[in-house]
Amino acid sequence: MACATAANESFWLFGYGSLIWNPSVPHIDRVPARLHGFSRRFWQGSHDHRGLPHAPGRVVTLIKDAGKVCAGMAFRIPAEAAAEVLDHLDHREKNGYSRQSHGLHAASGLRLNAIVYIAEPGNFAWLGPAPAIEVAQQIAISTGPSGSNREYLERLAKALRDLDADDPHVFELEAIVKRTAIS
Ligand code: BEZ
């Protein structure tokens, strides 16, 4: 769903990747939340954070997946920081992501409307699906200005465990990367 949030209003932002463990945005509240009908996948290329233009890493995006649920964290962004946060995220996530608006289920039972940054199939940095072993090997060897791709995966997996969230895709990749030595 396209996003029409005004830059001077407070809003909820859904984090399902590095935002969970590194929000790096001013917020006045945070609540564990779930987005229904989507799954998290390491299908987006990272040429600017966890990889390089000639050797991209892989970071998460969301794919439509009926019946599935993606666990993450919702952050309440205050009105006075709204424009700055949207600018920051538009810049930080410029590598193929766009803003959308989706309903979330907060852990408290509350329904929230939130901004979600999603990289859609076919964007210029899209890598798409590949066998888990290939995705894991790419993550194991990639690094970029924000650090290693391995660290991104490990911190995401830990954050999901802290949320008591199951994510077989992430945990499978973590297990493969753990036994993969960098050559
Ligand atoms: C996140 O960390 O939730 C996030 C993922 C992709 C783009 C923007 C934010």
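1. Within what distance do the axes of helix H3 and helix H5 come, and at what angle do they cross? The axes of H3 (residues 132-141) and H5 (residues 168-178) come within 9 Å and cross at roughly 60°. Axes here are lines fitted to C-alpha atoms, for helices over the stretch in contact, with angles running from 0 to 180 degrees between N-to-C directions. Helices (H or I, at least four residues) and strands (E, at least two) are DSSP runs, numbered from the N terminus.

2. A word on the source. This is a predicted model, in which local features need pLDDT of at least 70 and side-chain atom pairs count only at pLDDT 80 or more, while totals for chains, interfaces and linings use all residues. Residues are numbered from 1 along each chain as its sequence is written, and side-chain values use heavy atoms, with hydrogens and water left out.

3. H3 and H5 are therefore oblique to each other (angles under 35 degrees count as roughly parallel, over 145 as roughly antiparallel, 65 to 115 as roughly perpendicular and the rest as oblique). Ala132, Ile133, Val135, Ala136, Ile139 and Ala140 in H3 meet Glu172, Leu173, Ile176 and Val177 in H5, where contact means heavy atoms within 4.5 Å. By class, this contact has nine nonpolar, no polar and one charged residues (Ala, Val, Leu, Ile, Met, Phe, Trp, Tyr, Cys and Pro count as nonpolar, Asp, Glu, Lys and Arg as charged, and the others, Gly among them, as polar).

4. In H5, the buried residues are His169, Val170, Phe171, Leu173, Glu174, Ile176 and Val177. Buried means under 20% relative accessible area, exposed over 50%, and partly exposed in between (1.4 Å probe, protein chains only). The buried residues of H5 pack against S2, H3 and H4.

5. There are four aromatic pairs in the structure. Rings of Phe, Tyr and Trp (its six-membered ring) pair if their centres lie within 6.5 Å; planes under 30 degrees apart count as stacked, over 60 as edge-to-face and the rest as tilted. For Phe14 and Tyr16, the ring centres are 6.3 Å apart and the planes at 25°, so this pair is stacked. Phe14 is buried at 1% relative accessibility, and Tyr16 is buried at 6%.

6. Phe42 and Tyr152 have ring centres 5.8 Å apart and planes at 85°, so the pair is edge-to-face. The pair links distant parts of the chain: Phe42 lies in strand S2 (residues 29-46) and Tyr152 in helix H4 (residues 149-162), 110 residues apart. Phe42 is buried, at 0% relative accessible area, as is Tyr152, at 6%. Trp21, Phe42 and Tyr152 form one aromatic cluster.
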